[in-house]
Amino acid sequence: MHLAAFLIAGNAAHSQVLWRHPDSSPGGFLKLDYYARIARTLERGKFDLLFFADRLAVSTRFGGDHRYGVGHGDQDATRLDPLPILGALAALTSRIGLGATRSTTYSQPYSLAREFATLDHLSAGRAAWNVVTSVNQGEANNFGLRQSLSHDARYDRADEFLDVAHQLWGSWAPEALLLEAGSGRYANADLVSAIAHSGPYFNVRGPLNIPASPQSGPVIIQAGSSQRGQDFAARWSEVVFGIQPDLPRMQRFYQDLKGRAAKFGRKPDDIKVLTAMMPFVGRSRAEAEEKRARHNALVDPIVGLSTLSSHMNVDFSGYALDAPIADLEVAGMQGLFSLIRELSSERQLTLADIGRMYASGVLVPQVAGTAGDIADWMTHIVAQQGADGFVITPVHLPHGFDDFVDLVVPQLQRHGQFRQDYQGDTLRSYLQA
Ligand SMILES: Cc1cc2nc3c(=O)[nH]c(=O)nc-3n(C[C@H](O)[C@H](O)[C@H](O)COP(=O)(O)O)c2cc1C
């Protein structure tokens with residue numbers, strides 16, 4: 001079983017009430033020791049990796065400007081840049097994988113290839129890149145575009161971006177760097193190649209100005225869930241992060257994604273599917289339920305709708321709260337939107353219910369119980385081929401992973417479901433073990 005931790009370098013995770021939780025340190029996200037505390041806990045729990053989701057704008061869709069989202073603290077209200085944090089965490093940890101989100105729509109392959117090659121060197125082979133295509137108008141407006149790219153154009157650009165980035169990471173053969181001080185031979189230039197890429201979106205000569213890194217490029221993570229997003233994942237990803245509310249949907253997503261691997265010359269096992277879960281660990285079931293209730297009582301449905309507007313690139317402020325969600329074409333996260341529509345008709349939800357669900361944790365399943373209950377639930381999901389592992393999402397920070405690491409991880413280890421210690425030297429080797 002593989003474990004990743006979901007983080008945002010702000011005051012939220014999937015839970016958008018995280019910053020209001022009485023056990024959270026609300027201003028901590030601006031301080032390095034907050035991230036150091038979290039990373040050390042996760043490394044103690046032998047997590048494969050932690051990663052930071054990201055967005056390149058505050059929410060401006062809901063109500064047409066930033067006032068609601070920033071004023072009430074939705075998911076996008078504040079976010080530090082994750083990569084400098086990972087640079088610091090590379091020094092403060094030694095084994096855990098370190099992942100950051102970067103957008104293929106608003107980055108250039110050359111600068112991105114440098115960022116992740118640098119992190120991979122400094123962390124001795126622990127870098128991961130969560131590839132996103134970005135979703136909303138607010139981001140477009142911060143990067144000089146009047147309109148965000150269409151859904152399929154974003155993925156076309158992303159395909160070309162990944163191709164260029166991989167060529168750059170491969171532009172230095174691992175043995176090219178010589179550093180022969182006596183003879184004055186710095187590198188074997190025959191083993192360093194220009195890439196001379198010319199395509200619809202990018203023209204990049206190369207080579208990279210960084211020698212081959214321990215993993216020859218970061219582990220690729222991806223999270224799109226539309227048909228086009230799943231093809232992209234099957235082609236490029238080593239880790240796919242999904243949000244599915246129940247086992248049958250997890251199984252469908254898992255089969256569908258792994259079934260696409262062969263089309264791109266890959267094996268199903270080359271891609272690890274990790275499904276998100278929000279654990280509430282109690283010494284008893286009653287205590288776990290009490291923790292869940294304490295968290296969910298803080299939820300403001302309008303905050304959820306503000307985040308939903310940002311994710312879907314649709315202004316939900318003008319729709320009736322007591323009616324079902326409208327049947328819309330969305331340009332944002334299409335996979336998640338179809339799921340919302342399905343759940344709404346299955347469970348007869350109003351827009352306010354959806355806002356409440358979204359603010360409490362997007363659509364991530366909440367699992368409350370004793371450590372044994374939670375370990376059993378996870379074991380069952382993996383045994384039933386619903387996932388290869390989990391993305392654990394916190395409800396308060398910086399201590400929100402402590403119970404999981406101290407109580408659930410030992411149960412999983414005792415039953416042979418999870419590693420006792422790291423094996424291998426790089427993040428990629430943990431994933432393949
Ligand atoms: C579980 C999940 C997590 C995501 N995390 C991010 C993120 O951190 N930042 C971001 O800009 N987009 C994020 N996305 C958006 C996707 O990368 C993708 O751009 C979006 O889902 C549109 O693709 P789709 O229609 O294929 O789902 C996420 C999507 C999903 C489903």
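How close do the axes of α1 and α14 come, and at what angle do they cross? They come within 9 Å and cross at roughly 5 degrees. Axes here are lines fitted to C-alpha atoms, for helices over the stretch in contact, and angles run from 0 to 180 degrees between N-to-C directions. The crossing angle makes α1 roughly parallel to α14; angles under 35 degrees count as roughly parallel, over 145 as roughly antiparallel, 65 to 115 as roughly perpendicular and the rest as oblique. Helices (H or I, at least four residues) and strands (E, at least two) are DSSP runs, numbered from the N terminus.

This is a predicted model, in which local features need pLDDT of at least 70 and side-chain atom pairs count only at pLDDT 80 or more, while totals for chains, interfaces and linings use all residues. Residues are numbered from 1 along each chain as its sequence is written, and side-chain values use heavy atoms, with hydrogens and water left out.

Where α1 and α14 meet, Arg-37, Thr-41 and Arg-44 of α1 face Asp-402, Val-405 and Asp-406 of α14. Contact means heavy atoms within 4.5 Å. By class, the residues of this contact are one nonpolar, one polar and four charged. Ala, Val, Leu, Ile, Met, Phe, Trp, Tyr, Cys and Pro count as nonpolar, Asp, Glu, Lys and Arg as charged, and the others, Gly among them, as polar.

Helix α1 (residues 32–44) also packs with helix α3 (residues 82–92), at an angle of about 55 degrees and with the axes 10 Å apart. That angle makes α1 oblique to α3. The crossing of these two helices is right-handed; a crossing is left-handed if the near helix is turned anticlockwise from the far one by less than a right angle, and right-handed if clockwise. From α1, the contact takes in Leu-32, Tyr-35, Ala-36, Ala-39 and Arg-40, and from α3 it takes in Ile-85, Ala-88, Leu-89 and Leu-92. Eight of the residues in the contact of α1 with α3 are nonpolar, none is polar and one is charged.

Another helix pair is α4 (residues 109–122) with α6, whose axes come within 9 Å and cross at roughly 50 degrees. This makes α4 oblique to α6, and their crossing is right-handed. Pro-109, Tyr-110, Leu-112, Ala-113, Phe-116 and Ala-117 of α4 make the contact with Phe-161, Val-164, Leu-168 and Trp-169 of α6. The contact of α4 with α6 has ten nonpolar residues and no polar or charged ones.

Some of these residues return in the lining of the largest cavity, which includes Ala-117, Leu-168 and Trp-169 along with Leu-208, Ile-210, Pro-211, Ala-212, Ser-213, Ser-216 and Gly-217. On a 1 Å grid over the protein atoms alone, a cavity is a set of points where a 1.4 Å probe fits but cannot get out, and a pocket is an open set with protein on both sides within 12 Å along at least five of seven lines; lining residues have an atom within 4 Å of a point. Grid points are joined across faces, edges and corners, and a volume is the space filled by probe spheres set on the points. There is one cavity of 30 Å³ or more, and the largest cavity holds about 40 Å³. Its lining has seven nonpolar, three polar and no charged residues.

The largest pocket holds about 940 Å³. Among its 45 lining residues, Ala-223, Gly-224, Ser-225, Gly-335 and Leu-336 are the closest to its centre. Helix α11 gives the most to this lining, with six residues. By class, the lining has 16 nonpolar, 20 polar and nine charged residues.

The second largest pocket has a volume of about 260 Å³. It is lined by 19 residues, and those closest to its centre are Lys-291, Val-395, His-396, Gly-400 and Asp-403. β11 (272–282), α9 (285–296) and α14 (402–414) each supply at least two lining residues.

Backbone details complete the picture. A cis peptide bond joins Leu-397 and Pro-398, with omega about 15 degrees; Pro-398 is in the loop between β13 (389–392) and α14. The bond from Gly-206 to Pro-207 is also cis, with omega near -5 degrees. Leu-179, which is not a glycine, has a positive phi of about 55 degrees and is in strand β5 (residues 177–180).
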